[in-house]
Amino acid sequence: ERLRVDRFDLLLLHNPDTTGYQSDVVWATLNKLKADGKTDLVGVAPGPANGFTVDVIDCFERHGASIDWVMIILNPLEPWPGGLVLKAAEKHEIKIIARVVDYGGVFHGDLKPGIRLPRKDHRSFRPAGWIETALDKLPPLQVIADNHRQTLLQLACKWDLAQPAVE
């Protein structure tokens with residue numbers, strides 16, 4: 001009601017705990033929302049802070065028939081742990097939405113060494129030096145991008161889309 005919509009295209013559990021991944025009640029409720037026309041599709045958007053790979057694959061095993069989409073962090077500089085669930089997603093015919101394809105903005109070219117991100121910026125929770133480490137890895141990727149007349153972000157998007165189950 002607050003959003004003034006009757007239904008959602010896709011409803012994802014964001015960063016669930018073990019209960020969200022495993023609970024028959026949670027997934028029955030999501031299925032009911034789907035059956036009642038409140039959403040067309042359901043899935044999960046795991047966060048990296050929990051037991052990501054094991055939880056996601058276990059969720060596929062338990063509730064794969066209910067899951068349409070899973071949104072994971074995946075890009076050429078951050079293929080782990082997201083890449084570890086791709087084969088399981090394929091096996092269960094679950095589609096993957098890749099997020100943070102730009103590696104927190106690194107592929108846009110506007111993050112420079114030593115930049116101070118605002119405290120409330122979600123990227124400020126990454127380990128110290130992550131930007132400098134990423135920037136050091138860009139030159140070989142830039143050569144590939146240049147050879148194909150693409151930006152680094154275009155290359156990252158194509159890399160993600162070349163992965164199994166990513167759509």
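**Charged pairs and their surroundings**

Analyst: D40 is partly exposed, with a relative accessible area of 38%. Here buried means under 20% relative accessible area, exposed means over 50%, and partly exposed lies in between (1.4 Å probe, protein chains only). The model is predicted, so local features need pLDDT of at least 70 and side-chain atom pairs count only at pLDDT 80 or more, while totals for chains, interfaces and linings use all residues. Residues are numbered from 1 along each chain as its sequence is written, and side-chain values use heavy atoms, leaving out hydrogens and water.

User: Which side chain does D40 meet in a salt bridge?

Analyst: The partner of D40 is R7, at 2.1 Å from N to O. A salt bridge is a side-chain nitrogen of Lys or Arg within 4 Å of a carboxyl oxygen of Asp or Glu. This pair links distant parts of the chain, 33 residues apart: R7 is in the segment before strand 1, and D40 is in strand 2 (residues 39-45). Helices (H or I, at least four residues) and strands (E, at least two) are DSSP runs, numbered from the N terminus.

User: And R7, how accessible is it?

Analyst: R7 counts as partly exposed, at 37% relative accessibility.

User: How many salt bridges does the structure hold?

Analyst: There are eight salt bridges in the structure. One of them joins K34 and D68, with the closest N and O atoms 2.7 Å apart. K34 lies in helix 2 (residues 24-35) and D68 in the loop between helix 3 (52-63) and strand 3, so the pair ties together parts that are 34 residues apart in sequence.

User: Is D68 buried or exposed?

Analyst: D68 counts as buried, at 18% relative accessibility.

User: What does E78 meet in a salt bridge?

Analyst: The side chain of E78 meets that of R126, at 3.0 Å from N to O. This pair also links distant parts of the chain: E78 is in the loop between strand 3 and helix 4, R126 is in the loop between strand 4 and helix 5, and 48 residues separate them. E78 counts as buried, at 16% relative accessibility. As for shared partners, salt bridges join R7, D9 and D40 into one network.

User: New topic: how do strand 3 and strand 4 run, parallel or antiparallel?

Analyst: Strand 3 (residues 69-73) and strand 4 run parallel, and five bridges join them. Two strands pair if DSSP finds at least two bridges between them. Within strand 4, A98 is the bridge partner of I72.

User: Where do the side chains of strand 4 point?

Analyst: They alternate along strand 4 (residues 95-99).

User: Last one: where is T151?

Analyst: T151 sits in the loop between helix 5 (130-147) and helix 6 (152-161). At 43% relative accessibility, T151 counts as partly exposed. T151 and H108 are 43 residues apart in sequence, and their C-alpha atoms are 8.5 Å apart in space.
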